[in-house]
Amino acid sequence: MPTIRCGDLNDGPDAVTTVLLEGPADGDVHRPDKGDALRLYNLGRRLPPSRAYSRIYQGRDELIDHILATRDLQLRLVGIDSLVDDITSIGASTRSREAAIVPDQAPVVARFTQP
């Protein structure tokens, strides 16, 4: 059954807390194996390199908003992007965001072909 898990994981794609949701590191979408029925693939790994982030924290790009999908959906992926055009760098203090009119994180969106 096609499955998608989306969310703000507060960690990057290689953090243990994020990787736990994916299958084993040797999973290959083009080489099916017994784990494919349960494996999720982090579609954020397919973001264009210049847009592979969803937040800028203290000047550093971070991808903390993720879309994980089953193999069948990954094979039907048409495109993925993070809508980062309006976000600005944030710091540890929430006071700098008091007057903000846009979120401090960008949505990550994916499009798929019909089955």
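Asp81 is partly exposed, with a relative accessible area of 23%. On this scale buried means under 20% relative accessible area, exposed over 50%, and partly exposed in between (1.4 Å probe, protein chains only).

The model is predicted: local features need pLDDT of at least 70, side-chain atom pairs count only at pLDDT 80 or more, and totals for chains, interfaces and linings use all residues. Residues are numbered from 1 along each chain as its sequence is written, and side-chain values use heavy atoms, with hydrogens and water left out.

**Salt bridges**

Asp81 forms a salt bridge with Arg51. The closest N and O atoms of this pair are 2.6 Å apart. Arg51 lies in the loop between strand 2 (41-42) and strand 3, while Asp81 lies in strand 6 (residues 77-82), so the pair ties together parts that are 30 residues apart in sequence. Arg51 is buried, at a relative accessible area of 18%. A network of salt bridges links Arg51, Asp81 and Asp85.

A salt bridge here is a side-chain nitrogen of Lys or Arg within 4 Å of a carboxyl oxygen of Asp or Glu. By this rule the count comes to six. The table gives some of them.

| Salt bridge | Closest N to O distance |
|---|---|
| Arg51 and Asp81 | 2.6 Å |
| Glu62 and Arg60 | 3.5 Å |

Glu62 counts as buried, at 17% relative accessibility. Its partner Arg60 counts as partly exposed, at 46%. Arg95 and Glu98 are both exposed.

**Around Arg55**

Arg55 is found in strand 3 (residues 55-57). Arg55 is buried, with a relative accessible area of 16%. Its side chain makes a polar contact with the side chain of Glu62, at 2.6 Å. A polar contact is a pair of N or O atoms within 3.5 Å; within protein, one must be able to donate a hydrogen and the other to accept it, and residues adjacent in sequence count only if both atoms are side-chain atoms.

Leaving aside neighbours within four places in sequence, Arg55 is in contact (heavy atoms within 4.5 Å) with residues including Arg60, Asp61, Glu62 and Ile64. Ile87, Ile90, Asp104 and Gln105 are also among the contacts of Arg55.

**Fold and sheet**

The chain has two helices and seven strands. These are DSSP runs, numbered from the N terminus: helices are H or I with at least four residues, strands E with at least two. From the N terminus on, the elements run β-α-β-β-β-β-α-β-β.

Three strands form an open sheet in the order 1-5-2, with antiparallel pairing. The edge strands are strand 1 (4-8) and strand 2, each pairing on one side only. Two strands pair if DSSP finds at least two bridges between them. Strand 1 and strand 5 (residues 65-69) run antiparallel and are joined by five bridges. Gly7 has His66 of strand 5 as its bridge partner.

**Whole chain**

Of the 115 residues, 33% count as buried. Among contacts between residues at least 6 apart in sequence, 76% join residues at least 24 apart. The accessible surface comes to about 7300 Å², and 55% of this belongs to carbon and sulfur atoms. Accessible areas come from the Shrake-Rupley method with a 1.4 Å probe; for residues, only the protein chains shown count as cover.
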